[in-house]
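Trainee: I've got this one open on my screen. Where do we start?

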Amino acid sequence: MVRHLTPIICIWGLALSACAPRMSNQHNVDPTSTGFSNEFGTPYVSNDRRLIREREALFTDASPPPAKPAKPKPKSAPKDQPTTKTPAPDNTRAPLDIQAPLDIQAPLSTRVREAEISRYAGPGTKPSRFGKDHVSIKLFFTDAQPVHFRAHLNPQSGRLEFSASTDGYTLQGSLTDHAPHNSTGDFTLSYQGESARIYYRAYVAKVRARRDQREPEQARNEIARRLQWLDSSQRGWVNNWAVANGRAFYLIDIIQNQPQPESPTSAPPRIALKGESLRTGERDHKVDTTEPHSQTALVGNWESESRKIFAMQVVDPQTQKTSEVMLDVEIENPELDSSSPETENLEPSEPTSDSVTTASPPPPRPSTLESKASGDAGSAYIRTDNSLTRTARITQHFARNKNLSGVKTAIKEYTQSFKPGTNLYNFYKYAQPFRRLISDIARAYDVSPAFAYLTVIESSYFTGGKYSNKERGNGSQSASAARGPFQFKPGTAKSVGMFVGTNTHGSEDERIYFAPAACGAAKYVRELVDAFPNDATLAILGYNQGQGGAAALIRCAYSSKISNRTSCARSVQSLSGQDYARAIRLANDFNYTYAEMEAALTPAMRKYVNRKLAVYFISNNMAEYGVKIPGDAVQSLPRNRSVMPPKPIKDSTCRQVVGNPLGAG
């Protein structure tokens, strides 16, 4: 661990093994990937839109992917190659203690392993974050001596341009300062006919420390004393670097809170954090830090968000007790965030819409049971009773997420593709006669009727118009398989008071009938909402990830895009592991909301919740989004005996809500 960093404004990369390109065809390319990965195969990513455009252009032009260099053989680093075991160069931070194998045949972009930059104002020798006179940039390589460039900055059309050459290398580029407190850079490094494109971005961030609320007060006080620097260090200077087809890395200086962070002279950081920009998903990644008596990891290491969450294991030097502190670093001006659009898909996007079907008013229902599906919900597809305490809390918590970029992207996808054959269109078409029934069930259990939207993407009970109750989560005939429109496994079904059949084909198994299964789903969601008092939004995540992964099993059972349903269902079991456990801990122990912990969630988890929220917002105000109930919507409940079981429903509340005429539905 680095113990000392000198007070200069530097940005560091990582001394890692030379990495092989991880390029694929244009259908599988991750736009945020730099094109390379570390020695463990995890891709480097960057949120810089310039890099995304560059990669998009690469494949749009049908350019062949770069040749994969030979796998490097580990060799000893040069004696003067900087590591923590050797003195750092003058006016620099100590680099990470990682030895890099050498491969002089590798492309230039893969050989750039570290970078540092300092800017100066006038003739001064102290660095300035927005110095406009001259710049000092030092690059370190996996196979050569470091190269130090010094150049004057020349104002040109709002940019500060420079060019410098040394030891056969040429570095050309520009820096652009954006108000307030935001800077970007674009550099081209050239050497012996090769070139590497390097992007840079820096911005001011808010810093907040969160302590475990479940720890005894005495322990929290000890850690508070240990981290006194947080009381006066409430800003971070975040630096991101990305080498196209190479590495990506960050460094964060947590500085003393200053009224004017653009002060010409930059104060030394109270603490510095640096590491790789990797998409590790559920795996946290070690961070190098100057804070003694602590170990730090970047939670989730998700680079394309404006917030980073650091888990800091702090040891009190007097008591030797270890406590965990979550350190939030969030961009101070979100409107300046250059986060990339979400590109991860749980399934391919729906077709583009070219029309919106106009709805016609539903005719009267003839029977008592069908009358429960009637009623005008106004602009909402299913009416919500916000006079109920829990339902009102769900509505309030969901509303926090309406402006999240991932949610807005999902809303746009749904509304632009709204036409016959797409999931949302089919849901509105085939769920039409169930609207009142769903609303009554939601009211009975005091949950938002949005519980019914949890299956909109996956379940063909609605979206396929089959009203089928025969599907099993993994195609298995065993009694332990998930069953029915809400894909309940036996244990979960029993926990919410449902009757579970004793054999695989038992017609009395309530999981296979919509009415008791919907009641069970409402009760299950109610339990999840109560498990996340700080933000009911996380109940959506719990339905997908936790306690059996109900929604994920639905996808395994119903999605036409799943070729091996048994394998899919087995993989669900791994979803409720470290990633979901972390979400519970962040929410309940550190009081994170879903919006605050997005950066700590895997792409699939974020995508799932954002799409469910999108369906919720669209369905809650259809007029706002220009979406209407299809004119060919089904008007009567299905009569294929998939709605009501042949015997009275076990749960008394559910019986009172839906009625239970023998043999109905």
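This is a predicted model: local features need pLDDT of at least 70, side-chain atom pairs count only at pLDDT 80 or more; totals for chains, interfaces and linings use all residues.

**Charges, sheet and rings**

Mentor: Start at Glu413, which counts as partly exposed at 25% relative accessibility. Buried is under 20% relative accessible area, exposed is over 50% and partly exposed is in between, with a 1.4 Å probe and protein chains only.

Trainee: Okay, which side chain does Glu413 meet in a salt bridge?

Mentor: Lys607, at 4.0 Å from N to O. A salt bridge here is a side-chain nitrogen of Lys or Arg within 4 Å of a carboxyl oxygen of Asp or Glu. Lys607 sits in helix H18 (residues 603–620) and Glu413 in helix H7 (residues 405–416), so the pair ties together parts 194 residues apart in sequence. Helices (H or I, at least four residues) and strands (E, at least two) are DSSP runs, numbered from the N terminus.

Trainee: And Lys607, buried or exposed?

Mentor: Buried, with a relative accessible area of 5%. Elsewhere there's a network: salt bridges that share partners join Lys206, Arg210, Arg307, Asp328, Glu330 and Glu596.

Trainee: How many salt bridges does the structure hold?

Mentor: 32. One of them is Glu330 with Lys206, where the closest N and O atoms are 3.9 Å apart. That pair links distant parts of the chain, with Glu330 in strand E17 (residues 322–331) and Lys206 in strand E10 (residues 194–211), 124 residues apart. Glu330 is partly exposed at 21% relative accessible area, and Lys206 is partly exposed too, at 40%.

Trainee: What about Arg307 and Asp328, how far from N to O?

Mentor: 3.0 Å, in a salt bridge between their side chains. Arg307 is in strand E16 (residues 307–315) and Asp328 in strand E17, 21 residues apart. Both Arg307 and Asp328 are buried.

Trainee: Switching topic. In what order do the strands of the open sheet come?

Mentor: E3-E4-E5, three strands with antiparallel pairing. Two strands pair if DSSP finds at least two bridges between them. Strand E3 (112–120) and strand E5 (147–152) are at the edges with a single partner strand each, so one side of each has no neighbour in the sheet.

Trainee: How many bridges join E4 to E5?

Mentor: Six, between E5 and strand E4 (residues 134–141). The two form a hairpin with five residues between them. Val135 has Ala151 of E5 as its bridge partner, and Lys138 stands opposite His148 in E5.

Trainee: Which residues of E5 are on the covered face?

Mentor: Val147, Phe149 and Ala151, whereas His148, Arg150 and His152 make up the uncovered face. In a regular strand, side chains alternate between the two faces of the sheet.

Trainee: Now the aromatics. How many aromatic pairs turn up in the whole structure?

Mentor: 29. Rings of Phe, Tyr and Trp (its six-membered ring) pair if their centres lie within 6.5 Å; planes under 30 degrees apart are stacked, over 60 edge-to-face, and the rest tilted. Phe434 and Phe462 pair edge-to-face, 5.2 Å centre to centre with 70° between the planes. Phe434 is in the loop between helix H8 (423–430) and helix H9 (435–444), and Phe462 is in helix H10 (residues 460–463), 28 residues apart.

Trainee: Is Phe434 buried or exposed?

Mentor: Buried, at 0% relative accessible area, and Phe462 counts as buried at 4%. Phe462 also pairs edge-to-face with Tyr461, at 5.4 Å between centres and 70° between planes. Tyr461 and Phe462 are both buried.

Key:
Residues are numbered from 1 along each chain as its sequence is written. Side-chain values use heavy atoms; hydrogens and water are left out.
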